[in-house]
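Please examine the aromatic side chains and the charged groups that accompany them. The paragraphs below lead through them in turn.

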Amino acid sequence: MNYNFNEIEAKWQKFWAENKTFKAENKSDKPKYYVLDMFPYPSGAGLHVGHPLGYIASDIYARYKRHQGFNVLHPQGYDSFGLPAEQYAIQTGQHPAITTAENIKTYRRQLDQIGFSFDWSREVRTSDPNYYKWTQWIFIQLFNSWYSIDSDKAEDISELIKIFNSEGNSKVNAVCDEGIESFSAEDWESFSSKKQQQILLQYRLTYLAETEVNWCPALGTVLANDEIVNGVSERGGHPVIRKKMTQWSMRISAYAERLLQGLDTIDWTDSLKESQRNWIGKSVGAAVTFKLEGHKEVVDVFTTRPDTIFGVSFMTLAPEHELVQKITTNEQKAEVDAYILATAKRSERDRMADVKTITGAFTGAYVEHPFTKEPIPVWIGDYVLAGYGTGAVMSVPCGDQRDYDFAKHFNIPIPNIFDGIDISEEAFADKEKTIIGNSDFLNGLNYKKATKRAIFELEKIGHGKEKINYRLRDAVFSRQRYWGEPFPVYYVNGMPQMINKAHLPITLPEVEKYLPTETGEPPLGNATVWAWCTETNSVVNNEKIDNKTVFPLELNTMPGWAGSSQYFNRYMDPNNDNEIFSKEAINYWQQVDLYIGGSEHATGHLLYSRFWQKFMFDKGYVNHDEYAKKLINQGMILGTSAFVFRVEGENKFLSKGLIDNINVQPIHADVSFVNSSDELDIESFKNWRPEFKDAEFITEEDGTFKVKRDVEKMSKSKFNVVNPDDIVADYGADSLRLYEMFLGPLEQYKPWNTAGITGVHSFLKKLWKLYVGENGLKVNDAEPSKDSLKTLHKTIKKVQEDIENFSFNTSVSTFMIAVNELTAQKCTSKHILEPLLILISSYAPHIAEELWNQLGHNESISTAPFPEFDASHLVESSKNYPISFNGKMRFTLELPLDMSKDDIEKAVMAHEKTQSQLQGRSPKKVIVVPGKIVNIVG
């Protein structure tokens, strides 16, 4: 009987699906274990072999925990809202829902054929109205909440209104907008309903505000920072500019300190936690106020170095700062306007990363130094960001290299306030070695003492105070897209109103076009039925808007991260129509025990989801303010790209060996046109790219055309993608699973090489032959040999250690060693081969299920207990001694390890082979080293 992997894998995938083998229950006497993957966005390209890496690792662990007796929740779903489906809709007119559904079918087929033990009864799709109903519901909870600094948590907005009614806002200690006017209870009562709503928006955890955003004209939408790469949109590579728009924002800044502190309580990778710490960016310093000359406004700055305040020689504002237009003089207006326009074309990330280019413009305005009262010029520079701190920097060129370079470039004075330090070549930034000079009352003080004194003096004159600042900014929550969650919001007199939970979900309307409207409104502005009737509590035709009972609905949709910020909790109770999840479900599953996913989500999904979890904890919906105990970032499987070289300015290609000293342009070739010897199929390449149909190809002397190979990210755009469908068809899913683990440590980057999979495929054939011969099953009830027991138990020990340490690659090597040893031992014992199957089943479940079934088991191997390690089988009771004569080994003799030196000598001397070697002679000496050797000197 041959190993027919295609039939075996199809058989067991069908069995698992029909028998719901991996369905988890919300009530069980077993201990629970929750294994989660970052759910995929279902792109049109489907999976490539790099995508399943993390899924295979999590599946091995989920299966292992089932063997250990746990009730395992291992769900899967789809992050199915996204820009690619919308862009396809714009190009073709096909509704994104149709595209998404087709893509999901492909993903599901591919995931099923790899043999994952997902509980598909819990599948969620973020674009399903039954799912995003609860995303809308969470948005409403956030809108109806504010953050109390006194209780250090989110509170219901009704509590804030009670305080306003009884005593106004003078004693309210909240995370809120800057510059809120103070009012009494009487004032509050006298305010119009609209003004009250406007004030409450300044406190709510989700709020409307005019915000600086990344606007992509080509895509017609706002982009998050992590959706921009090298100054252009990640999707399509389109230019991105900065502009002000009224947007929904999430007050994530309220949770900055808790997000920092929470990192110390979770077992996440150090690099990921460090990324989040840097993104949150806690700084301790001072808020300082500078008066503007000739204006009633002031400039507020935050500085971590108040000790250097006497070194301020200019002020730098972000080009987008709200004061720039007010304070710029007529003489400087043209220059300033031109600079603002140029800056708008650069992303924030570009501006932060570019430390070499020095640009700026003088506004013509001056601020007054709080102590010396001297005028300080106000400049604008793109290295200052409007959203970080106050959008203004007190520039101390002697103590900051960027300020130093700016001052040198624009010939601004650089006063030296550091005692005994030469700043003629560069700034001095070593705070620990700082002694302040030329600074009045700060002279002679070190950094710490000068900082404390400077803050004291600033507070005394009303120009500053001690402050903690965070780099983390409130998250823009609006997107000008069609294919996203609609907001459950309508507007009365321009003020947002929430739709009652009973009427959720508010589903996406039909539109003729998926582009923004001709007047620049988001795509939902194209809908004819997109207004809210408060009488019928339903969506009605726009023509009925009368601002009495029918009102306009929000035209923006939510961002991509909205749907992924609570999906892990929804999996616990995904079919509950009445609540996001039941108390019973959340009380049972509690938290994710193991989360596996990519580190690229460190400052996106993984930060936003922690924020939402903490909010849900504050409101009493969940039991923990961190949702994932342990998180592992899998590495990446890289592609091996192929490059051909075109001569610059000609339609001519040179083989790799001919390109020295010639100007050539490397061009990606599809790897399917290249054989294992790196030879290009020229005709296939010509037919693939019409522009190269008539190109000339200069070959090597032997007539071959060689490409250059290079390892880089596996991507459709690099034409180096390997489809798992092909691998599964040719080698089987178990081979794919084993090979992906065998490539190297889970967290590392490693290149894919299809030729390498033959090794693990051969191993599976050898495993099959260990159990099955030409005449059928070879396994019997024979007593196992000591060697076989030793092989089994060292394998149990190593595999269990490897799985617990997520060292899956070394387990595969261990399996290969075990099968080789057992084959050499001619092992057929069921007592050895049954537990071996359980060990292998987490990695190669299909072949394990088949052999388990042939051994007479009717239940899935997934329910079998994990074999117990018995250390006694690894303890050697005997030693196979090499017996040497005059230093040359002649034979071996197995003797008990506890035999005494004298008894060893007697046993060796009495052996017939010793007598034969000595031929009647008496040896001069017998050297016995117990447990090692015997040497007879004759």
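A charge is taken to sit over a ring if NZ of Lys or CZ of Arg is within 6 Å of the ring centre and within 35 degrees of the ring normal. R251 lies over the face of Y207, at 4.1 Å from the ring centre. Likewise, R471 places its charged end over the ring of W279, 5.1 Å from the centre of that ring.

This is a predicted model, in which local features need pLDDT of at least 70, side-chain atom pairs count only at pLDDT 80 or more, and totals for chains, interfaces and linings use all residues. Residues are numbered from 1 along each chain as its sequence is written, and side-chain values use heavy atoms, with hydrogens and water left out.

Rings of Phe, Tyr and Trp (its six-membered ring) pair if their centres lie within 6.5 Å; planes under 30 degrees apart count as stacked, over 60 as edge-to-face and the rest as tilted. A search of the whole structure finds 72 aromatic pairs. One of them joins Y482 and Y514: the ring centres are 5.1 Å apart and the planes stand at 70°, so the pair is edge-to-face. Y482 belongs to the loop between strand 19 (475-476) and strand 20 (489-492), and Y514, 32 residues apart from it, to the loop between strand 21 (495-498) and strand 22 (531-533). Strands (E, at least two residues) are DSSP runs, numbered from the N terminus.

Y514 is buried at 7%. Y490 and W532 form a stacked pair, 6.5 Å centre to centre with 25° between the planes. Y490 lies in strand 20 and W532 in strand 22, so this pair ties together parts 42 residues apart in sequence.

Methods
Helix = DSSP H or I, 4+ residues; strand = E, 2+ residues; numbered from the N terminus. Buried < 20%, exposed > 50% of the residue type's maximum accessible area, 1.4 Å probe, protein only.
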